[in-house]
Amino acid sequence: MQSPVMQAFQGRKAARCHQCDCSRSIKACNSFIESFGGFPGRYAREIYNNLSIVMGERTANLMINSCTLCDLCTTVCPNDFSMADLCLQARRQMLEDK
């Protein structure tokens, strides 16, 4: 059974996000999205990859835990993609995997 994070990554909203340049989200969220030098579509892939690691270091933990969960990204995104939901689900999955 797939985790909720992996289901969200593979869902329609994540797929639509990959088609967008995310400029609205980057401008709106200078405390999180901009500070890591990427965009939500890339972060979604990094979170998916991070949670898929069975052995070794999960390198995206800092990025996942840095989101304030304010959901401003969803407010400005034309595709309603929520980095806050994705990060929250990833945090929950990481706790379950401990």
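Where is the place of Cys70?

## Cys70

In this predicted model, Cys70 sits in the loop that runs between α5 (61–66) and α6 (72–76). Cys70 counts as exposed because its relative accessibility is 53%, and the cut-off for that class is over 50%.

## The nonpolar core

The largest nonpolar core is made of 20 residues. Phe32, Ile33, Ile47 and Met83 have the most contacts inside this core. Two or more residues are given to the core by each of α4 (40–52), α5 and α7 (83–97). The largest share comes from α7, with six residues. In soluble globular proteins, nonpolar side chains tend to be buried together.

Met83 touches Phe32, Ile33, Pro40, Tyr43, Ile47, Cys67 and Cys73, with residues up to four places away in sequence left out of the count.

## Helix α4

The 13 residues of α4 should span 18 Å at 1.5 Å a residue, and this agrees with the 18 Å between its end C-alpha atoms. The buried residues of this helix are Pro40, Gly41, Tyr43, Ala44, Ile47, Asn50 and Leu51.

## The salt bridge

How many salt bridges does a search of the whole structure find? The search finds one. The side chains of Glu46 and Arg42 meet in a salt bridge, with an N to O distance of 2.7 Å. Side chains of opposite charge can pair when their charged atoms come close.

Both residues belong to helix α4, where Glu46 and Arg42 are four residues apart, or about one turn of the helix. An α-helix has 3.6 residues a turn, so residues three or four places apart point the same way. Glu46 is partly exposed because its relative accessible area is 28%.

## Asn50

The side chain of Asn50 makes a polar contact of 2.9 Å with the side chain of Asn61. Asn61 is also among the residues in contact with Asn50 once neighbours within four places in sequence are set aside; the others are Arg58, Thr59, Ala60, Ile64 and Met94.

Key
Residues are numbered from 1 along each chain as its sequence is written. This is a predicted model: local features need pLDDT of at least 70, side-chain atom pairs count only at pLDDT 80 or more; totals for chains, interfaces and linings use all residues. Side-chain values use heavy atoms; hydrogens and water are left out. Buried means under 20% relative accessible area, exposed over 50%, partly exposed in between (1.4 Å probe, protein chains only). A nonpolar core is a set of buried Ala, Val, Leu, Ile, Met, Phe, Trp, Tyr and Cys residues joined through side-chain atoms within 4.5 Å. Contact means heavy atoms within 4.5 Å. The expected span of a helix is 1.5 Å times one less than its number of residues. A salt bridge is a side-chain nitrogen of Lys or Arg within 4 Å of a carboxyl oxygen of Asp or Glu. A polar contact is a pair of N or O atoms within 3.5 Å; within protein, one must be able to donate a hydrogen and the other to accept it, and residues adjacent in sequence count only if both atoms are side-chain atoms.
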